[in-house]
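Work through the exercises below with the model open beside you. Try each task before reading its solution.

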Amino acid sequence: MFNRKKFTFNKQNKGQQVDKEVLKPLYSNLEKNLEVLNFLYKDCSDVVFRSFVIAGHIKAQLIYIKGMSNIEEIDNNVLTPLMQQTDQNSINPISLIEHRLSVAEITKIESFDTCVEQLSVGNPILLLEDNRQGYALGLAKWEKRAIEEPSGELVVRGPREGFTESVEVNTSLLRRKIKSPQLKMKTLKVGSYTQTTIMITYIQDLSDETLIEEITQRIKRIDIDGILESGYIEELIQDNSYSPFPQVLVTERPDTAVSNLLEGRVVIVVDGTPFVLVAPTTFYSLFQSGEDYYHHFIISTATRWLRFLFLFISLLLPSLYVAVITYHQEMVPTTLLLTMVDSREAIPFPALVEALLMEITFEGLREAGLRLPKQVGAAVSIVGALVIGQAAVAAGLVSDPMVMVVALTGIASFTIPRYNIAIPFRLLRFPIMLLAGTFGLLGIMMGLLAIIIHLSTLRSFGVPYLSPMAPMKRRDLKDTLIRAPLWKLNTRPHLTGEYNKYRQSSNQKPFPNKNEEE
Amino acid sequence: MEKGKISALQMSVMMYHAIIATGILFIPKTVFDAAQQDIWISPIWAFPLGLLSVYIAYKLHKLYPDDTIMQYSQHILGAFFGKVLGLILLLLLYTSISVMVWQYGEFVVSEFLPHTPKYVIVGMMILLCAFAVHGGLEVIGRLAEMVFPFFSYFF
């Protein structure tokens, strides 16, 4: 409470003066302009003010931020032509700038706030004596990471490029795949301090206008001091913020983003992160990998089934084991039961405690593995193998079947192609285990039903989360549990692609030319 | 009132779920007590009766497409008798739901968890139902649709 008051106090006093200066238009007097800019950038040692004279009598000032502009080009294309101008009489500085500077992008500036905006993007600013306009030169250049293969979404077959932290690079990756000018990008700035660029990308005539409007409104409503990652946006625009399930698809792959754009969805690119958001999304699309469409459809379908099978395993296997061992021993074949009883004989804990112990240990090891410095990684994996493996059994803490169950569960949760949908299931495993320990199979059923009820209440930007299974759209089932052959995927998904229903002409099934032999 | 919209498929699936569980668990025993080995005849005779009631419900809906059964029974029978009928219908719902919940508890206790108190099992089920009802009609419709494939596979 106290802190909050102090913050607003600060903002109202010192902040206001800055705000007032920023909103004013530029003066015609160069000295006065410099005074304001010096005040704004007081104590900012990375801002460079360089004064010089054009043709011996026009005073000029160049302002840029160190490390964000291309200094070589400033020297060669701006300072050199202007300073070497010798013709003293018939010089009009404006035409000089327009005709002599070999810079592709020159923007005119009329107020201090655009001035600040351009400077912080990295564009140098040129101010002239007796001129109410400034010029922002498009010479921004800063260090960025090269395009690499996304480490979170690996594929065997498919493009190896991934988004990077720079929004310009990311939008260029999209534009390189969709050449049509129908691909639109709207820019928003969010974050009162960070002024993070956010691009709302969509294909005109494919996306619903009201959807774009809704997303724009939700993003515009955000009033926060900084956006550091697209996770901020995700959390601030999703429909149900209490649900552990992701209601926005997150991807690092341009090809996945483009395929979603082509289905009428909207892609939100946030500056400073390689993770772009796709909205709206459905439960089933979170289980699809971009690769599904690059392999043969029979193989992709089988892979999808495998994923769903392992989803159930990752959610239910420990609970099923606990329930069967505790309440429903009659379900196990007798010979297997005998071995199980044999291995459990020496264990002091009930099955539920045993399962919780091992699952929590496994989750701990997984989390540690993520954060480990690379040098100690090997040590932890050896210790981990011992803890989960033979040593735990030998110490008499857990039984052999339990080790197998935990190992299988651990592997199963990594078959899901998207990390953010695997997490809630990994988490929900624990309450279901408790239910299984208290009510047996009935408890598992209850837990499953509760999850399905919760999933049916969810919507992602108006689209029911479980569609097209519930509500049922038979036309869209071709791309959920199965992946129909490409020549059958004629229509876009019902709720996002209704505005331009057909994506290809029908009857594209390839057939050999029978007349060839004649 | 909740203004959710459900599709025809969702409604039929919901009705299927409501009827089939009781139908499989309890009707055979009751009918067997009366009919013995002639039990196979009973569905044949029950079928037209069921069809008739569905037909009546359908016709009433066609006559009063925007009204609920409470509203049009007041149209047909007049304000007083309509309200009495409405009360009876509410009581019928109340009792039939109680019976269903009792059946469920009885079944689970006798088959799976003989040592668990019945009120715990019934209470959990009612909590779950409350959770679903809290989501509204649309949610129940979608839930029925989601569960239907598993359900129909087992029966």
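**Exercise 1: Placing a proline**

A:P401 sits in helix 15 (residues 400-412) of chain A. Helices here are DSSP runs of H or I with at least four residues, strands are runs of E with at least two, and both are numbered from the N terminus. This is a predicted model, where local features need pLDDT of at least 70, side-chain atom pairs count only at pLDDT 80 or more, and totals for chains, interfaces and linings use all residues. Residues are numbered from 1 along each chain as its sequence is written, chains are lettered from A and ligands numbered from 1 in the order in which they are written, and side-chain values use heavy atoms, with hydrogens and water left out.

Task: find which residues A:P401 is in contact with, leaving aside its neighbours within four places in sequence.

Solution. Apply the contact cut-off: heavy atoms within 4.5 Å. The partners are A:Y321, A:M340 and A:S343. Next, take A:P464, 63 residues along the chain from A:P401. Their C-alpha atoms are separated by 40 Å.

**Exercise 2: Reading the sheet**

Task: give the strand order of the open sheet of five strands in chain A.

Solution. The order in chain A is 6-7-9-10-8, with antiparallel pairing. Strand 6 (183-190) and strand 8 (249-251) of chain A are the edges, each pairing on one side only. From one strand to the next, the twist averages 25 degrees.

Now zoom in on one pair. Strand 9 (residues 266-270) and strand 10 (residues 276-279) of chain A run antiparallel and share three bridges. A:I268 has A:L277 in strand 10 of chain A as its bridge partner.

**Exercise 3: A helix across the sheet**

Task: determine which residues of helix 7 of chain A are buried, and what they pack against.

Solution. Start with position. Helix 7 (residues 209-220) of chain A lies across strand 6, strand 7 (196-203), strand 9 and strand 10 of chain A. The helix runs at about 15 degrees to strand 6 of chain A. Axes are lines fitted to C-alpha atoms, for helices over the stretch in contact, and angles run from 0 to 180 degrees between N-to-C directions.

Then classify by relative accessible area: buried is under 20%, exposed over 50%, partly exposed in between (1.4 Å probe, protein chains only). A:L211, A:I212, A:I215, A:T216, A:R218 and A:I219 are buried. They cover an arc of only 165 degrees around the axis, so they lie on the same side of helix 7 of chain A. The arc is taken over directions from the helix axis to the C-beta atoms. On the other side of helix 7 of chain A, A:E209, A:T210 and A:K220 are exposed.

Finish with the packing. The buried residues of helix 7 of chain A meet strand 6, strand 7, helix 8 (230-237), strand 9 and strand 10 of chain A.

**Exercise 4: A covered helix**

Technical notes. Pairing = 2+ DSSP bridges.
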